[in-house]
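Open the model in a viewer and keep the selection panel at hand. The stops below each give a selection and then what is found there.

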Amino acid sequence: MHVALRPRSGCLVLCLCLSAFTLLLQSLWVPAEITSEEPAGRSPEEQGHRSLGFRRLALRLEALSTQVQRLSRERDIPQLTKDDLSLLLQSFRKDQLGLARLMEKELKRVSMRLEQLSPLIHTGPKEKCEVPTDRAYPVCAEKVEFLRARWQSDPCYAFYGVDGTTCSILTYLSQIEDFCPPRLGRNHSALPWHQKNHSYTKKAEIRTTLSPLHAAIRNNSGPAVTFIRSRVERMSERWKQAAVRMRQSSNQTDSTQMKVLLYPGALAGSAGQRFEALVERGGPLGELVQWADLSASLTLLGHNLTFSTSQQQLHSLIGAAPGRGSCPIQRPLTFDLIYTDYHGLAHLQGAMGLAFLHYQCRFRILDSFGTEPAFNLGSYARSHGYKTLWGSWGLQPLQYMTMFPHTPDNSFLGFVSEEAVKDGKEEELESDSNRKNRIAVVYGKQDYMWKGKSEYVEVISEELETHATVYQPPGLTSNLPSFIRNHGLLTQEHFLRLLRGAKVFVGLGFPYEGPAPIEAIALGCVFLQPRFDPPHSSENNDFYKGKPTTRQISSQHPYAEKLIGKPHVWTVDVSNKTEVQEAVRAILRTEVKPFTPREFTCEGMLERVLDYIAHQDFCSKSLPTWPPECALRVHLGPLGQSCESVCQRSSLVCEPALFHHLNTPAAFARLKIGCSSTRQEVNHLFPAYSPWGQQCGLQQDPLLFSCAGSDLSQRRLCPCRAHLPGQVALSPDCLS
């Protein structure tokens with residue numbers, strides 16, 4: 001009985017397979033009467049032959065299926081003979097070769113037919129989908145071809161209705177992107193992400209509470225955010241007092257309340273995980289200091305903040321389309337300003353598609369070490385050897401915001417110098433000069449920073465009890481010299497208390513340009529640091545290699561060296577033991593009081609951020625009007641000097657926003673410079689004058705107006721201005 005069932009089971013299986021295949025072919029077969037668009041050049045006979053062949057294949061398979069079904073129904077026969085099954089299989093094999101050829105031929109035609117039918121299915125039989133030719137949309141055809149080949153590369157295209165057909169692609173390119181003209185018969189309005197929000201003109205009122213900031217940060221976590229939160233709380237009273245004084249002053253600048261997104265991209269994604277791991281092991285905290293102080297400033301100035309360290313949440317906040325970021329966002333950007341960093345800039349570009357270029361004027365980039373114009377403009381950087389990993393974004397150079405005022409082409413954002421909280425005992429000891437006589441604290445929280453510096457630190461230890469705050473991994477022995485008293489990695493509160501009792505804060509040469517030396521000076525320490533000869537730069541230093549700057553770093557902290565100086569800052573050749581010893585002894589003989597430049601106080605930072613928001617408008621097509629022209633001091637530099645150096649020599653600063661006043665032949669004439677010829681050129685050294693041939697050069701691309709850059713054949717025409725005492729970013733003519 002078991003043997004008798006096997007042929008019957010085989011018949012059933014064969015029946016099912018043939019039936020399913022027949023149904024598939026019947027569903028794919030398209031009768032001639034519903035195909036309104038046959039390819040040109042095909043005769044009716046050819047069309048009929050194709051349809052007939054396809055029908056013949058389907059009918060033959062249906063007949064075979066019927067035979068199998070008949071055999072399977074003969075349940076009364078105890079045993080199915082082999083002859084019946086053999087006849088069936090021989091009948092099938094007889095036409096096997098012909099069926100295979102016909103199948104291949106017809107399936108190819110099915111594929112072509114489906115492609116022809118798709119526009120009819122999706123857009124209706126009367127709609128024609130031809131790629132338009134319009135001079136106002138020169139890349140329309142190119143974009144259509146691109147999407148025909150790549151529309152499945154990103155799910156966002158399907159989200160916006162693209163299905164591979166020409167009609168759906170044209171709809172997308174005219175209604176979501178603006179590469180093709182509006183389609184006939186369809187309402188055309190502004191792009192959905194291009195529409196302007198209803199503007200609101202509510203005035204930003206200065207607050208005296210940081211509660212909105214605490215609420216904004218509450219939903220974020222991790223060591224980095226914990227550091228930001230604790231710093232804000234620790235300094236809250238100083239911030240509030242500064243806000244009260246600013247509100248009482250009569251020279252406030254009126255400002256519209258802004259909706260602001262703070263997105264530290266370095267704390268998001270995989271980069272964020274690596275950064276977070278370093279925070280608790282002595283890693284860099286300078287950027288976190290700046291984020292904390294920027295957050296507090298914007299809150300007290302009356303703006304509405306959203307704070308996020310999540311890349312997924314960023315997509316939700318900006319309305320990104322689902323997918324990989326090839327498409328524009330779904331709605332107009334709801335934030336007036338977005339503060340981020342280089343990592344966040346890449347995240348925004350990867351989520352906004354075409355909308356990134358439209359809204360990039362609203363971005364502000366926290367950039368500790370600065371980005372010079374020659375590195376910022378991608379085409380120029382590639383053709384002139386300035387291409388780096390970090391540059392080429394094509395923003396206005398003033399959109400980059402630095403830690404210190406070392407790159408006048410950028411905006412100096414800064415931070416606030418923190419002070420140790422005093423207790424009663426410390427106040428009693430403050431008047432006792434011996435309290436700070438014999439203690440030095442070394443600036444370097446990780447072992448590698450001490451490499452090659454033992455002799456230098458030993459000279460200091462002969463005069464001072466020397467302390468360190470180096471991170472010590474559990475179970476590992478310290479590599480520090482035996483004369484060093486290491487406290488391990490301290491909390492910020494305990495570190496500041498240690499500085500408060502120290503006489504000298506000792507720099508090892510790295511990290512560069514951090515906030516700690518400014519805070520040490522604010523606590524009455526003298527900062528002793530190495531001189532770099534030759535200066536460190538991208539040409540000879542691995543740290544600066546690849547950074548978008550040509551700066552020459554003369555010491556560990558050039559700001560402290562040049563803008564503060566002695567008696568608070570001593571810069572020495574650390575390889576010269578005698579010079580180091582004499583400097584330490586001179587420091588011990590000198591009484592130094594705590595000092596904080598105004599630009600690193602709460603009031604100073606509030607003034608700066610207030611004026612930036614009120615006056616910097618990078619979305620306007622008009623020429624900049626801040627600082628006003630009355631602040632301009634024109635200088636023609638000597639051969640081979642940058643405008644930054646030219647202005648510094650006159651105790652002024654270079655102001656890139658004033659360059660456009662000098663980029664005319666009249667500017668040279670006012671200086672009584674005779675130009676035998678004047679040319680416009682894309683050159684980051686222009687406007688400039690070349691004595692050879694008396695040639696005057698004007699800048700062709702405003703993005704290349706640059707305070708940096710020099711050439712031995714050019715005398716640069718420089719826009720200098722004065723600045724407020726202790727507030728380099730603001731002009732006395734322009735502070736409201």
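Start by selecting strands β3 (residues 337-340) and β4 (residues 363-366), which run parallel and are joined by three bridges. Strands here are DSSP E runs of at least two residues, helices are H or I runs of at least four, and both are numbered from the N terminus. Two strands count as paired if DSSP finds at least two bridges between them. Within this pair, Tyr 339 stands opposite Arg 364 of β4.

The model is a predicted one, in which local features need pLDDT of at least 70 and side-chain atom pairs count only at pLDDT 80 or more, while totals for chains, interfaces and linings use all residues. Residues are numbered from 1 along each chain as its sequence is written, and side-chain values use heavy atoms, with hydrogens and water left out.

Next, select strand β10 (residues 504-507). Which of its residues are buried on each side? Val 504 and Val 506 are buried on one side, Phe 505 and Gly 507 on the other. Buried means under 20% relative accessible area and exposed means over 50%, with partly exposed in between (1.4 Å probe, protein chains only). In a regular strand the side chains alternate between the two faces of the sheet.

Show the neighbours of β10. Strand β7 (residues 439-443) runs parallel to β10 with four bridges, and Val 442 has Val 506 as its bridge partner. Strand β11 (residues 526-536) is also parallel to β10, joined by three bridges; there Phe 505 stands opposite Phe 527.

Stay on Phe 505 and display its contacts (heavy atoms within 4.5 Å). Leaving aside neighbours within four places in sequence, they include Val 441, Tyr 443, Phe 495, Leu 499 and Ala 516. Phe 505, Trp 239 and Tyr 339 touch the most other members of the largest nonpolar core, which has 75 residues. Helix α12 gives the most to this core, with eight residues. A second, separate core has 27 residues, including Val 442, Leu 508, Trp 570 and Val 584. A nonpolar core is a set of buried Ala, Val, Leu, Ile, Met, Phe, Trp, Tyr and Cys residues joined through side-chain atoms within 4.5 Å.

Move to helix α5 (residues 140-150), where Cys 140, Val 144 and Leu 147 are buried. These residues cover an arc of only 70° around the axis, which puts them on the same side of α5; the arc is taken from the directions from the helix axis to the C-beta atoms. They pack against α6 (155-159) and α7 (166-175). The face turned away carries the exposed residues Glu 142 and Ala 149.

Last, select Ser 554 in strand β12 (residues 553-555). Ser 554 counts as buried because its relative accessibility is 15%. Not counting residues up to four places away in sequence, Ser 554 touches Arg 531, Phe 532, Pro 535, Glu 561 and Lys 562.
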